[in-house]
Amino acid sequence: MRTIADHILDIASNSIAAGASNVWLDIASDPEAHMFTFIVRDNGRGMDDDLQKQVFDPFITTRPHTIRRFGLGLPLLRQNAELTGGTVGLQSHPGAGTTVSAVFHTDHIDCIPTGDVAGALFALLTCGSPVRWHICRREGRNRYTLTTEDLEAVFPSGELSDPRAQQLLLHFLREREADLLAEASRRDDGLSTT
């Protein structure tokens, strides 16, 4: 977990593993406040109170031990966020899903880099899972949204398994990220008119 994008990918992958049919991602950066936040909400299996008390302990996992997973995702997320003075929140109810939120103070010396958000989203959208995605990505006051329905309107059923379609999707995501960052930079330089 060397970047915040790695954490987003890990937590959203947990939602898939928990049997979620819908995952909502809200990813926001506020350059003026030096904050980066993300929320991953799903309608998966959820966790009971006992598991919620243990889930931030290293090596606690609900996945079979035959899968190469060690139960370090949430403990590392908490550690990395808290090193910046940030926080991690968890809300979960059995049968009703889980919400994980994280706040990073990006101006803190111990803040890990943001990383490749477009790459993380691409990995989730093309993983072959039947999950319905609802993504909102914000940078300052600018944002873009992307849903499974949006993807289906552009890429007919099964087409996202084609490498050419995947290349187009990755290019689209990288362009949206670049547009967000460019607009935030223009605003910081006083060039934006919005």
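**View 1. Helix H3 lies across strands S2, S3 and S4.** In this predicted model, H3 runs at about 30° to S4. Helix H3 covers residues 73-83, and its partner in packing is helix H1, residues 4-17. The two helices pack at an angle of about 145°, with their axes 10 Å apart, and their crossing is left-handed. To find the meeting place, look for His-7, Asp-10 and Ile-11 in H1, which meet Gly-73, Leu-74, Leu-76, Leu-77 and Asn-80 in H3.

**View 2. Six strands form an open sheet with mixed pairing.** Follow the strands across the sheet in the order S3-S4-S2-S1-S5-S6. At the edges are S3 and S6 (142-147), each of which pairs on one side only. From one strand to the next, the twist averages 5°. If you step back to the protein chain as a whole, you will find six helices and six strands. Starting at the N terminus, these elements run α-β-β-α-α-β-β-α-β-β-α-α.

**View 3. Strands S3 and S4 make a hairpin with three residues between them.** S3 (residues 87-93) and S4 (residues 97-105) run antiparallel and are joined by seven bridges. Leu-90 stands opposite Val-100 in S4. Between the strands, have a look at Gly-95, which takes a positive phi near 80°. Why two faces? In a regular strand the side chains alternate between the two faces of the sheet.

**View 4. Strand S1 pairs with S2 and with S5.** S1 (residues 22-30) and S2 (residues 35-42) run antiparallel, with eight bridges between them. Here Val-23 has Asp-42 as its bridge partner in S2. Four residues lie between these two strands in their hairpin, and His-34 in the turn has a positive phi of about 55°. With S5 (residues 132-139), S1 pairs in the parallel sense, over eight bridges, and Ile-27 stands opposite Arg-137. S5 in turn pairs with S6 in the antiparallel sense over six bridges; in that pairing Ile-135 stands opposite Leu-146.

**View 5. The largest nonpolar core has 45 residues.** Those with the most contacts inside the core are Leu-25, Phe-38, Leu-77, Phe-104, Trp-133 and Leu-173. Helix H4 (residues 117-125) gives the most to this core, with seven residues. H4 lies across S1, S2, S5 and S6, running at about 175° to S5. In soluble globular proteins, nonpolar side chains tend to be buried together. Here, buried residues make up 40% of the 194 residues in the protein chain.

**View 6. Phe-38 touches residues from several parts of the chain.** Leaving aside neighbours within four places in sequence, its contacts include Ile-4, His-7, Ile-8 and Ile-11, as well as Asp-26 and Ile-27. Leu-77, Val-100 and Phe-104 are also among them. Across the protein chain, of the contacts between residues at least 6 apart in sequence, 63% join residues at least 24 apart.

Key: Residues are numbered from 1 along each chain as its sequence is written. This is a predicted model: local features need pLDDT of at least 70, side-chain atom pairs count only at pLDDT 80 or more; totals for chains, interfaces and linings use all residues. Side-chain values use heavy atoms; hydrogens and water are left out. A nonpolar core is a set of buried Ala, Val, Leu, Ile, Met, Phe, Trp, Tyr and Cys residues joined through side-chain atoms within 4.5 Å. Buried means under 20% relative accessible area, exposed over 50%, partly exposed in between (1.4 Å probe, protein chains only). Contact means heavy atoms within 4.5 Å. Two strands pair if DSSP finds at least two bridges between them. Axes are lines fitted to C-alpha atoms, for helices over the stretch in contact, and angles run from 0 to 180 degrees between N-to-C directions. A crossing is left-handed if the near helix is turned anticlockwise from the far one by less than a right angle, and right-handed if clockwise.
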